[in-house]
Structure formats: C-alpha cells, structure tokens
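User: I would like to go through the labels attached to this model and see what each one rests on. Please set each value against its cut-off.

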Amino acid sequence: QLQLVESGGGLVQPGGSLRLSCAASGSILDGYPIGWFRQAPGKEREGVSCISSSSGEITNYADSVKGRFTISRDNAKRTVYLQMNSLKPEDTAVYYCAATLCSGKTRVATMGAIFDSWGQGTQVTVSS
C-alpha cells in the first residue's frame, strides 16, 4: 500500500509562502493521483488540491486556494509538492496528502481519499 509522509509546514506571516512536500515510500508514486487535504481545529477535513497520475497534466484546486497554491509532482523523487503563496490566517491547518481521484471535474473541496489511511500531516500556521 502507498505510504506518504508530509513535511514542510511551519509558522509564517500572512502574505508569506511555504512549500509542502509529500514523499512516497514503499511504492512507486507515478501511478497514483495525489491530493492535498487540510483540517483546521474544530473543522472537518477538506480537499485543497489534486494532481493526476503519471505526468500530472491535470491539476485542480479548491476555490479558496485558486491562484495562490500550485501543486506539482516529481515522480523520480517520489514527491508531490504544494507551493503555497499569499498565505492567509484561514489557511492555518494540518495538511495531509493522500491518493485520490483527480480530474478537471473533481469537486476538490469534498474529494475523498482512495485509501482510508492518513499520515501525521504537517502543521501550517499563518499568524502575525
């Protein structure tokens, strides 16, 4: 089964940037579409972005992050990235990655994971 480990979170001021990484172990990555999810305190987990398998020609974003976040993948490094720019306090959450279904029609905010298995995530805190 695909195992993913998130990293790259931290404390950043509003307007700042972070790049999250989602590294695969135990399996190749390129056959899986991958999604980023987040969960803020007291809220349910929500989808943020997804990228299709192989070359990742399809990417999709939740409305709340469009124009600010960019997802990409490097299959040789078995890693999917989430570049987050113009961060806002409402982006504060624990961020997770998981295998998911991803197309141009995916409703990213409500997308689910293929495997019901989550890593520890990485904490992103946006605060002055």
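User: Which residue lies over the face of Tyr81, and how far is it from the ring centre?

Analyst: Arg19 does, at 4.2 Å from the ring centre of Tyr81. A charge is said to sit over a ring if NZ of Lys or CZ of Arg is within 6 Å of the ring centre and within 35 degrees of the ring normal. Arg45 is placed over the face of Trp118 in the same terms, at 3.8 Å from the ring centre.

User: What kind of model is this, and how are residues counted?

Analyst: The model is predicted, with local features needing pLDDT of at least 70 and side-chain atom pairs counting only at pLDDT 80 or more, while totals for chains, interfaces and linings use all residues. Residues are numbered from 1 along each chain as its sequence is written, and side-chain values use heavy atoms, with hydrogens and water left out.

User: Why is the link of Cys22 and Cys97 called a disulfide?

Analyst: The term requires a pair of cysteine sulfur atoms within 2.5 Å. The sulfur atoms of Cys22 and Cys97 are 2.1 Å apart, so the pair qualifies. The link is right-handed, with 85° about the S-S bond. It joins distant parts of the chain: Cys22 belongs to strand 3 (residues 18–25) and Cys97 to strand 9 (residues 93–99), 75 residues apart. Strands here are DSSP runs of E, at least two residues, numbered from the N terminus.

User: What makes Cys22 and Cys97 count as buried?

Analyst: Buried means under 20% relative accessible area, exposed over 50%, and partly exposed in between, with a 1.4 Å probe and protein chains only. Cys22 has 0% and Cys97 has 3%, so both fall under the 20% limit.

User: How many disulfides does a search of the whole structure find, and which other cysteines form one?

Analyst: The search finds 2. Cys50 and Cys102 form a disulfide, with sulfur atoms 2.1 Å apart. This pair too links distant parts of the chain, from Cys50 in strand 5 (residues 46–51) to Cys102 in the loop between strand 9 and strand 10 (122–126), 52 residues apart. The link of Cys50 and Cys102 is right-handed, with 70° about the S-S bond. Cys50 is buried at 0% relative accessible area, and Cys102 is buried at 13%. Numbered in sequence order, the bonded cysteines pair as 1-3, 2-4.

User: Why is the pair of Phe37 and Trp118 called edge-to-face?

Analyst: Rings of Phe, Tyr and Trp (its six-membered ring) pair if their centres lie within 6.5 Å; planes under 30 degrees apart count as stacked, over 60 as edge-to-face and the rest as tilted. The centres of Phe37 and Trp118 are 5.0 Å apart and the planes stand at 85°, so the pair is edge-to-face. Tyr96 and Trp118 are also edge-to-face, because their centres are 5.9 Å apart and their planes are at 80°. Phe37, Tyr96 and Trp118 form one aromatic cluster.

User: How do you know whether Phe37, Tyr96 and Trp118 are buried or partly exposed?

Analyst: Relative accessibility decides. Phe37 has 2% and counts as buried, as does Tyr96 with 11%. Trp118 has 27%, so it counts as partly exposed.

Conventions. Helix = DSSP H or I, 4+ residues; strand = E, 2+ residues; numbered from the N terminus.
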